[in-house]
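The following briefing concerns the model displayed here.

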Amino acid sequence: MSDQPGPKGLTYAAVMDWLTRFAATVRSVEPELTVLDQKAGDGDFGGNLVTGMDGVRRALDALPAGAGNGERSRRGPDVPLDAAARVFLDDVGGTSGPLFGLLFQELADALGVAADPPGTAALALGTAAGTAAIQRVGEAEVGDKTMVDALVPAARALASCEPTGDPAYALHLAAVAAHRGARSTTDLRARRGRASYTGDHARGVPDPGALTVALLFASAHAELTSLSRLPVS
């Protein structure tokens, strides 16, 4: 077992806690994300993200005891992720909202069909499927200065883990890889998303969406109060 804090198994309660921590993290770092997006985009990314995660919190609070469809998934870890996906796909504005919705949905689908209990293998499959879906919709590749620059290394990190290994450790490795990928966007010229309209003005600024991917995986272990708290190793 890893000595990393965080979920030791992907239970309903563990995923609820993960998303709750991510919501708190988003609210804490929103000012930093907004400043970055004002330099590289239109400045609404942080606000849209807070709005989305506030909606997710309300959706999680509204889940009834025994939430889910069918006997197996009644308290399955896919249920909170599916609720988050619906919020981001249906209610969150901006270009990134639906993309995060796709990631949540693919994670929910992978955890929902995995053998009990879902673990690292399901995380790897869901992240890979979410990345592929986002690339199909956004037509982005690594190097385009988007969330894909963080998602692809995170997916690779998860795929390299032992499928039956500790998901807490796998999520930590995904967070480190995503953070490294996000930082690699700093000196890139944006070729996709709204930042692409700013030309070279976005150079020197890491992509906020890519940083948020790193925040998502890192929040599996703890609430983060600043971008400086993202793991580097």
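T185 lies in the loop between α7 and α8, where helices (H or I, at least four residues) and strands (E, at least two) are DSSP runs numbered from the N terminus. With a relative accessibility of 0%, T185 counts as buried; buried means under 20% relative accessible area, exposed over 50% and partly exposed in between, with a 1.4 Å probe and protein chains only. The model is predicted: local features need pLDDT of at least 70 and side-chain atom pairs count only at pLDDT 80 or more, while totals for chains, interfaces and linings use all residues. Residues are numbered from 1 along each chain as its sequence is written, and side-chain values use heavy atoms, with hydrogens and water left out.

**Surroundings of T185**

- Not counting residues up to four places away in sequence, T185 touches K145, T146, D149, V205, P206, D207 and A210, a contact being heavy atoms within 4.5 Å.
- T185 and P208 are 23 residues apart along the chain, and their C-alpha atoms are separated by 9.6 Å.
- One of the residues touched by T185, D149, is also among the buried residues of α6.

**Overall composition**

- The secondary structure of the protein chain comes to eight helices and zero strands.
- Of the 233 residues of the protein chain, 55% count as buried.
- Among contacts between residues at least 6 apart in sequence, 69% join residues at least 24 apart.

**Nonpolar core**

- The largest nonpolar core has 68 residues, and F104 and F217 have the most contacts inside it. Such a core is a set of buried Ala, Val, Leu, Ile, Met, Phe, Trp, Tyr and Cys residues joined through side-chain atoms within 4.5 Å.
- Each of α1 (12–40), α2 (45–61), α3 (78–91), α4, α5, α6, α7 and α8 supplies at least two residues of this core.
- The largest share, twelve residues, comes from α1.
- Leaving aside neighbours within four places in sequence, F217 is in contact with W18, T127, A154, L158, L171, A174, A175 and A178.

**Helix α6**

- Helix α6 covers residues 148–159, and its twelve residues should span 16 Å at 1.5 Å a residue; the end C-alpha atoms are 16 Å apart, which agrees. The expected span of a helix is 1.5 Å times one less than its number of residues.
- Ten of the twelve residues of α6 are buried, so this helix is largely enclosed by the rest of the structure.
- The buried residues of α6 are V148, D149, A150, L151, V152, P153, A154, A155, A157 and L158.
- Their cover includes α4 (97–113), α5 (120–138), α7 (167–183) and α8 (208–218).

**Helix α5**

- The 19 residues of α5 should span 27 Å at 1.5 Å a residue, and the end C-alpha atoms are 26 Å apart, which agrees.
- Buried positions in α5 are T120, A122, L123, A124, G126, T127, G130, T131, A133 and I134.
- These buried residues pack against α1, α4, α6, α7 and α8.
- Just after α5, E139 takes a positive phi of about 55°.

- The axes of α1 and α8 come within 10 Å and cross at roughly 155°. Axes are lines fitted to C-alpha atoms, for helices over the stretch in contact, and angles run from 0 to 180 degrees between N-to-C directions.
- The helices α1 and α8 are therefore roughly antiparallel to each other. Angles under 35 degrees count as roughly parallel, over 145 as roughly antiparallel, 65 to 115 as roughly perpendicular and the rest as oblique.
- W18, F22, T25, V29, L33, L36 and D37 in α1 meet P208, L211, T212, L215, L216 and F217 in α8.
- The axes of α4 and α8 are 12 Å apart, and the two helices pack at an angle of about 30°, which makes α4 roughly parallel to α8.
- F100, L103 and F104 of α4 make this contact with G209, T212, V213 and L216 of α8.

**L103 in α4**

- L103 is found in helix α4 and is buried, with a relative accessible area of 0%.
- Not counting residues up to four places away in sequence, L103 touches T127, G130, I134, L151 and L216.
- L103 and L151 are 48 residues apart in sequence and 9.6 Å apart in space, C-alpha to C-alpha.
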